[in-house]
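Hi everyone, thanks for coming. Let's have the structure up on the screen, and then I'll walk you through its inside.

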Amino acid sequence: MIHTEMAEMEDHGGGRTLPPELSRLFADGGAGRALSAGLPPGALVWPDPGYRQRQRVRRPACWLTDEPARPGLWARLRAEHRDSGLWPVLLDDSTQPWSAGQVAPEPVGEIDAYDAGAFVSEVWADWVSAQPHGQLDEIDPYGRHCPGLAPPGRLVEDPDLAADRYADLLVRRGTPLGLVAAGRGADALAVIGWQGALNHNHWTAPLAAVVRSWEDRFGARVVGLGFNTLELSVAAPPVTSRHALHVAAEHWTFCPENIVQGPGTLVEYAETIRGARSWSFWWD
């Protein structure tokens with residue numbers, strides 16, 4: 001972890017640019033990227049060489065603030081994402097030692113190789129085939145046949161503003177903020193090398209493909225990450241029981257612990273996400 005003081009952005013006569021430290025997050029050196037205001041003190045986080053890596057070029061996984069983020073910081077940096085190319089993520093450092101570099105970045109290009117619908121169907125089929133005597137109560141009322149991806153929700157709020165609001169709730173936990181060189185929040189999961197669902201799925205890229213689909217269909221935004229947790233804001237949630245049940249089936253393939261160690265059934269879980277403006281996931 002290389003510490004950097006960045007109270008001010010550099011100005012090279014043609015406007016503000018990224019400081020050299022943040023430029024190192026990009027394969028192209030951050031050409032054309034800029035931030036309009038300063039940042040609190042922070043540090044680059046490099047992947048530990050002892051961890052499995054899939055990136056051929058070794059770069060920092062993210063930049064992380066030294067202290068917990070203050071309200072409004074996430075929203076300001078999210079608003080600058082188009083110019084900076086840096087997606088903000090609140091990183092729970094209490095159990096996942098981000099600062100120690102215990103992360104395993106994956107190439108963003110690998111996300112493109114996965115289809116969210118195919119992933120959901122494959123996880124469903126694999127689980128069904130492994131059940132003795134056809135015991136499928138866990139996935140009632142769908143049973144053996146995967147329902148596939150749910151239809152999109154209808155926006156009830158601007159997705160970015162919904163994310164800003166949720167971030168200001170999460171910062172109350174005293175969470176530092178990371179900046180990730182990613183074109184969208186879902187891609188940040190692979191870039192930063194998050195391994196929260198390792199016991200469920202060996203690679204992060206297919207899960208990131210599902211989150212991309214949720215960004216498109218439900219106005220979801222990646223707001224926070226922990227050792228084995230993921231926090232999403234949702235601007236187009238399912239609002240009927242039937243739609244919520246369909247979405248619950250997707251959540252089961254993505255994170256079965258949410259259902260099995262939560263309400264216990266898809267029907268009960270569906271009621272917890274019906275109309276909800278945020279989705280929280282945690283894995284064993």
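So, cavities: the count comes to one of 30 Å³ or more. On a 1 Å grid over the protein atoms alone, a cavity is a set of points where a 1.4 Å probe fits but cannot get out, and a pocket is an open set with protein on both sides within 12 Å along at least five of seven lines; lining residues have an atom within 4 Å of a point. Points are joined across faces, edges and corners, and the volume is the space filled by probe spheres set on them. This is a predicted model, where local features need pLDDT of at least 70 and side-chain atom pairs count only at pLDDT 80 or more, while totals for chains, interfaces and linings use all residues. Residues are numbered from 1 along each chain as its sequence is written, and side-chain values use heavy atoms, leaving out hydrogens and water.

The largest cavity holds about 40 Å³ of space. Eleven residues line it, and Gln195, Ala197, Leu198, Asn201 and Thr204 lie nearest its centre.

Helix H4 gives the most to its lining, with five residues. Helices here are DSSP runs (H or I, at least four residues), as are strands (E, at least two), numbered from the N terminus.

Now look at helix H8, residues 241–254. Its 14 residues reach 20 Å from first C-alpha to last, close to the 20 Å expected at 1.5 Å a residue; the expected span is 1.5 Å times one less than the number of residues. How many of the 14 residues of H8 are buried? Twelve of them are, and H8 is mostly covered. Buried means under 20% relative accessible area, exposed over 50%, and partly exposed in between (1.4 Å probe, protein chains only). Those buried residues pack against H4, H7, H9 and H10, and against strands S7 and S8.

One of the buried residues of H8 is Leu245. Leu245 counts as buried because its relative accessible area is 14%. Leaving out residues up to four places away in sequence, Leu245 touches Pro141, Tyr142, Leu266, Val267 and Ala270, where contact means heavy atoms within 4.5 Å. Its C-alpha is 9.0 Å from that of Ala150, 95 residues apart along the chain.
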